[in-house]
Amino acid sequence: MDKDTHDILAAAREVVAKEMTGLEALIDRFDPAFLDVVRLLADCRGKVFVSGAGTSGAMAHRMAHLLSVCGTPAVPLQPMDALHGTMGALSSGDVLMAISRGGKSSELNDLSTRVQTRGVKVVAVTSNPDAPLAGLADIVVILPTDNVIDPGGVIAMGSTLVVGAWGDALATVLMRVKGYTWDQMLFTHPAGAVGEETHRLTPLEPLDTPTM
């Protein structure tokens, strides 16, 4: 292996190692805010909308999909489209999960402010506790996003993995809190290799809804 090849592989490994530090830091950041979100979504009788701009928008689509797969009905919502009328889909009893690393996306903040006047609860998922988004949400989730895990401190790579992992934990915990079964999950996922699953899956151990 020549030096150039070695340097390329080392650079790739360095990226993953940095991202792993962000995921490791997340383990210690599940706090009362997470319990508040679990309680809110477990009791939600409407829909959960998940929104974000740019890379956070891609993570919003992923989170909405996995929440739905795990038994919490959720829909991805593009914030600018919402401000062009799609916001009419949200009504009292719904929840908006607003994802923004910096918490300064004007379209997402405007959407969050407007839906609250319609009786929608807003959950802010951000890394900046002083951001405008954090100041207007009903529940604020602060995730660790040390700049070292994002290239240049500006390209949202490691930080979006942290958001994804947090959302995965939320979806799985809600599945257990709601008693959503593998049979129910497989019924709504009949296509692809998952739909061909035939062996008996181990039941998930139930969890109680967190109390106040």
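This is a predicted model: local features need pLDDT of at least 70, side-chain atom pairs count only at pLDDT 80 or more; totals for chains, interfaces and linings use all residues.
## Helix H2 against helix H7

On the H2 side, the contact is made by Phe 34, Val 37, Val 38, Leu 41 and Ala 42. H7 contributes Trp 166, Ala 169, Leu 170, Val 173, Leu 174, Val 177 and Lys 178. By class, the contact of H2 with H7 holds 11 nonpolar residues, one charged residue and no polar ones.

## Helix H1 against helix H7

H7 also packs with helix H1 (residues 3-27), at an angle of about 35° and with the axes 9 Å apart. The crossing of H1 and H7 is right-handed.

Here Glu 19, Gly 22, Leu 23 and Leu 26 of H1 meet Gly 158, Leu 161, Val 162, Ala 165 and Trp 166 of H7. The contact of H1 with H7 comprises six nonpolar, two polar and one charged residues.

## Ser 56 in helix H3

Helix H3 (residues 55-69) contains Ser 56. Because its relative accessibility is 13%, Ser 56 counts as buried, the cut-off being under 20%. Leaving aside residues up to four places away in sequence, Ser 56 touches Ile 99, Ser 100 and Arg 101.

Methods. Residues are numbered from 1 along each chain as its sequence is written. Side-chain values use heavy atoms; hydrogens and water are left out. Contact means heavy atoms within 4.5 Å. Helices (H or I, at least four residues) and strands (E, at least two) are DSSP runs, numbered from the N terminus. Ala, Val, Leu, Ile, Met, Phe, Trp, Tyr, Cys and Pro count as nonpolar, Asp, Glu, Lys and Arg as charged, and the others, Gly among them, as polar. Axes are lines fitted to C-alpha atoms, for helices over the stretch in contact, and angles run from 0 to 180 degrees between N-to-C directions. A crossing is left-handed if the near helix is turned anticlockwise from the far one by less than a right angle, and right-handed if clockwise. Buried means under 20% relative accessible area, exposed over 50%, partly exposed in between (1.4 Å probe, protein chains only).
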